[in-house]
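Here are a few notes from going through the model, jotted down point by point. Have the structure open while you read.

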Amino acid sequence: MSAVLASLWLPFRQLGDPGFRGPLWKGLLGAVLSFGLLVWLADWGLSALAGMAAGGQGWIATLAGVLGGLLVLFSAIWLFVPIMLAIAGFFTDQVAEAVERRFYPWLPPPSGGASLAAQARYNLRLTLQVLLLNLVLLPLAFALPVVGAALLWVVAAIALGNGLFEGVAQRRMPVPAARLLRRRRRVQVFLLGGILAALAVVPVANLLVPILGTAAMTHLLHRGQDTLPPAERAVPARAG
């Protein structure tokens with residue numbers, strides 16, 4: 001758990017880093033535009049449904065308009081998770097490089113990682129899978145809000161945890177190796193993904209999740225014994 005908390009805290013110490021500010025502001029702008037588009041699309045869709053259901057007049061249409069505001073926000077947050085994964089994919093290299101340069105300068109340059117094409121295919125496939133799953137579960141979330149909130153957190157925790165961790169791991173290893181490492185550290189990945197998923201439903205804070213989440217997963221990737229600086233690595237005690 002200490003590795004998870006450290007991985008979550010360290011990105012906030014880097015907010016003033018010049019190499020970190022660039023992708024942070026670009027990611028924030030992309031998140032704002034994407035979230036705004038989702039809100040507009042959700043509002044347009046619910047308004048159209050309310051108009052068809054009540055002819056656009058009467059108390060039913062008024063009630064639908066009031067409830068629609070909450071549903072619009074809920075829909076946008078629900079569907080924002082796959083968008084966050086897509087946004088993070090654009091800045092993985094920049095963010096991970098800035099984190100490694102600041103906190104892990106002894107690491108060699110990335111080599112032997114997945115090709116850009118393989119990383120792109122992985123990101124696209126994961127984004128589409130999460131988007132499809134969210135769309136399938138969305139009606140259930142409207143019908144059963146408590147169950148929907150729980151499902152939102154579980155889906156987001158798994159998607160953000162797996163997607164962001166494997167994304168940064170693929171810079172230094174092939175896709176199968178990144179997947180295997182993620183499975184070995186599944187508890188830590190899920191816990192950190194769960195915290196990021198909780199932030200994803202907090203207005204304003206959710207806009208920072210793509211970049212800060214990528215930085216946090218970079219820290220989690222490098223919290224192992226083999227990535228400590230040589231002077232701090234544990235020296236096995238000699239027998240006798």
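1. A cut-off to start with: a residue is called buried when its relative accessible area is under 20%, and exposed when that value is over 50%. Keep in mind that this is a predicted model.

2. So is Arg182 buried or exposed? At 15% relative accessibility, Arg182 counts as buried, because the cut-off is under 20%. Arg182 sits in helix 6, which runs over residues 175-184. Leaving aside residues up to four places away in sequence, Arg182 touches Asn162, Phe165, Glu166 and Val189.

3. As a reminder, an α-helix has 3.6 residues a turn, so residues three or four places apart point the same way.

4. On to the largest nonpolar core, which has 59 residues. Phe20, Leu160, Leu192, Leu196 and Met217 have the most contacts inside this core. At least two core residues come from each of helix 1 (2-13), helix 2 (18-54), helix 3 (58-103), helix 4 (116-143), helix 5 (145-169), helix 7 (186-199) and helix 8 (209-221). Helix 3 gives the largest share, 15 residues.

5. Not counting residues up to four places away in sequence, Leu192 touches Val4, Ser7, Leu8, Ala216, Met217 and Leu220.

6. Now the aromatics: searching the whole structure turns up four aromatic pairs. One of them is Tyr104 with Trp106, edge-to-face at 5.8 Å centre to centre and with 75° between the planes. Tyr104 is buried at 5% relative accessibility, whereas Trp106 is partly exposed at 32%. Phe103, Tyr104 and Trp106 make up one aromatic cluster.

7. Trp153 and Phe190 form another edge-to-face pair, with 5.6 Å centre to centre and 85° between the planes. Which parts does this pair tie together? Trp153 belongs to helix 5 and Phe190 to helix 7, so the pair links parts that are 37 residues apart in sequence. Trp153 is partly exposed with a relative accessible area of 36%, and Phe190 is partly exposed at 31% relative accessibility.

Terms used: Residues are numbered from 1 along each chain as its sequence is written. This is a predicted model: local features need pLDDT of at least 70, side-chain atom pairs count only at pLDDT 80 or more; totals for chains, interfaces and linings use all residues. Side-chain values use heavy atoms; hydrogens and water are left out. Helices (H or I, at least four residues) and strands (E, at least two) are DSSP runs, numbered from the N terminus. Buried means under 20% relative accessible area, exposed over 50%, partly exposed in between (1.4 Å probe, protein chains only). Contact means heavy atoms within 4.5 Å. A nonpolar core is a set of buried Ala, Val, Leu, Ile, Met, Phe, Trp, Tyr and Cys residues joined through side-chain atoms within 4.5 Å. Rings of Phe, Tyr and Trp (its six-membered ring) pair if their centres lie within 6.5 Å; planes under 30 degrees apart count as stacked, over 60 as edge-to-face and the rest as tilted.
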